[in-house]
Amino acid sequence: MSTGIKSGGMDKLYRIIKYGNGQNYKGENLGRCIMGYKHVVILLLITMLILSTAVIYAKTINVDGDPSDWITASLPANTGGIVDSEYVWVDARNDTRNDIVAISIDGSENDWIADPDKYFQVVDLYDKATGLNLDGANLNRSYVGWNENYLYIAFDTQNTASWTVNYGIGIDINGPGSGYVYDSTNGDANNIHVGFSGAAIDYEIYFSWTDTSGLSGDLFAEWTGSGWSKTTISGIGGSYAYSGDTSSGLQFMEVAIPWSALGGSPTNFSIIIWVAGQSGFSSAVDTVPYDSAVEDSGTNEWTDTDTLSNLTHVVLTPKISTYDVLVDLTEFHITCNETHLFFLLNFQDLYKVGVDGAPGIMIALDLDNVTGSGGTYLGYNSETQVASNGSADWERQILIDLSNSQVSSNEPVYGDGVQVWNNGSPLDVVDTSWEDVSTNKSVFVASIDNDTVEVAIAWSDLGISDPRGIGFKASVGIVRVNPSGDAWDISGTSDVLDAVTKTGPNTWDEVQDGYIDYYTPLKCSQQPDPVPENQVLILTGIIVGAITVTILLRKKH
């Protein structure tokens with residue numbers, strides 16, 4: 001008996017259904033009738049099996065940065081399920097880590113120049129290389145950034161010598177109606193002879209630098225209405241760090257001030273930064289932004305009085321937030337065909353790739369479904385492991401370093417069998433020995449335009465020759481990463497900023513113990529394509545034929 005459809009197969013099939021291998025059943029041949037009936041049932045079952053096998057694989061994705069060949073799902077946040085041939089996870093928005101401050105106070109300028117105007121809502125205030133350009137008192141540029149908890153201020157210099165000077169920061173929170181304007185007798189909070197026009201300073205911050213010993217002190221002062229209330233930066237719960245030495249002077253300074261020390265987060269404020277000589281008799285000699293008041297036409301610039309008016313007005317919009325939209329995963333899709341496993345990752349705002357601090361994607365795959373068998377740590381030295389009970393230990397891990405210079409928006413990046421930390425492709429498929437086993441059969445495309453990353457990983461790169469019905473578990477974590485494959489470090493804890501997890505409402509709730517305990521269990525056979533129309537017609541014909549044969553048999557017997 002034939003179980004397939006070949007040339008002329010429809011005629012053969014029709015004969016089988018109608019006659020049972022060509023036998024004309026009559027009342028006296030009940031046994032043959034029954035055998036014919038059995039043949040029809042067997043044919044029906046075999047055909048259904050063939051059709052169901054043919055649709056194990058879901059669909060083929062064109063990995064080009066355009067997500068239009070993926071479905072659009074409407075699921076509640078932090079839920080997943082099979083939708084139209086895909087597994088779809090809809091992640092909560094604004095659930096990235098909020099336990100950390102946006103800027104690391106470490107004396108490095110890297111945080112500030114990595115993401116201007118986005119990650120930290122940074123405002124650059126330039127000196128424009130004007131002013132006196134003194135060797136040991138030469139400001140260059142300053143930054144202002146913020147999140148829900150802190151105001152961040154930083155500045156760098158063009159110093160080439162170490163002089164004894166004071167670096168001051170003036171902040172006007174309440175506008176020109178109240179605050180310090182000028183004291184001709186005592187000067188400001190640090191006895192520096194600076195005054196203000198069009199602004200009234202509510203808070204001052206000072207850093208004292210000595211030519212032979214470097215940084216010698218700090219001051220945080222609040223105007224009380226009649227004088228200054230003084231303490232240190234640590235005294236109000238703030239922190240600072242700097243770089244510089246007694247050869248070239250101060251080079252960079254950054255400070256974090258809690259909003260609580262400034263009376264709460266305002267909607268706007270004004271700020272200016274200056275450098276002056278020693279306390280007690282000096283005035284300003286440079287400012288950021290630049291104010292021409294610091295340039296005296298005579299020779300007494302260090303000892304005159306400067307009235308500063310060119311403050312920068314900062315409006316705190318958009319709404320202050322610690323949430324990192326660049327790494328905020330919003331959707332995660334999986335589907336497959338007979339050659340590849342496909343992924344789609346949607347981000348809230350994938351506004352940069354190919355530069356330090358772009359997302360690092362880690363997808364750990366448990367392919368043997370054996371508890372305690374496989375690797376546990378996620379990549380990029382992220383100090384994070386998969387499920388703590390061993391139920392998602394992985395055999396392969398997909399690592400995608402979007403910060404690497406080989407990544408450009410809407411351009412494919414292929415695997416090459418060399419880890420990114422050994423100058424290989426930013427697409428790695430590593431085994432439990434951290435060897436990259438990827439080939440150019442695996443590829444990803446990141447799209448800034450669509451805020452997406454599409455990925456196709458060859459089953460052969462996963463060590464699987466026949467993926468039909470293969471079961472696996474996926475654990476997903478997102479970090480910020482550098483081009484050499486190291487996650488931006490969050491000291492003493494997991495570096496993961498977002499993850500696929502139901503634990504919340506914030507990612508910190510999942511990763512604070514160093515584990516991502518949530519994982520997605522799947523089988524490719526759970527993701528069938530809609531049955532093609534010709535197969536539907538064949539299946540329908542077989543069913544109708546089987547019913548017809550049954551009716552005829554009952555009439556004859």
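Reader: How many of the eight residues of strand β19 are buried?

Author: This is a predicted model, and in it β19 covers residues 359-366. The strand is largely enclosed by the rest of the structure, because the buried count is eight of the eight.

Reader: Which residues point one way from β19, and which the other way?

Author: In a regular strand, side chains alternate between the two faces of the sheet. Here G360, M362, A364 and D366 point one way, and all are buried. Pointing the other way, and buried too, are P359, I361, I363 and L365.

Reader: What is the bridge partner of M362 in β26?

Author: Strand β26 takes in residues 471-480 and pairs with β19 in the antiparallel sense, over eight bridges. Within β26, the partner of M362 is G477.

Reader: And what is the bridge partner of L365 in β21?

Author: β21 is the strand at residues 396-401, and six bridges join it to β19, with the two running antiparallel. L365 is one of the residues that are buried on β19. Its bridge partner in β21 is R396.

Reader: Moving to N190, is it buried or exposed?

Author: N190 sits in the loop between β6 (165-172) and β7 (194-196). Its relative accessible area is 12%. Buried means under 20%, so N190 counts as buried.

Reader: Which side chain makes a polar contact with the side chain of N190?

Author: Leaving aside neighbours within four places in sequence, N190 is in contact with N166, E204, Y206, L219, S279 and G280. The polar contact between side chains, at 3.1 Å, is with N166.

Note on methods
Residues are numbered from 1 along each chain as its sequence is written. This is a predicted model: local features need pLDDT of at least 70, side-chain atom pairs count only at pLDDT 80 or more; totals for chains, interfaces and linings use all residues. Side-chain values use heavy atoms; hydrogens and water are left out. Helices (H or I, at least four residues) and strands (E, at least two) are DSSP runs, numbered from the N terminus. Buried means under 20% relative accessible area, exposed over 50%, partly exposed in between (1.4 Å probe, protein chains only). A polar contact is a pair of N or O atoms within 3.5 Å; within protein, one must be able to donate a hydrogen and the other to accept it, and residues adjacent in sequence count only if both atoms are side-chain atoms. Contact means heavy atoms within 4.5 Å. Two strands pair if DSSP finds at least two bridges between them.
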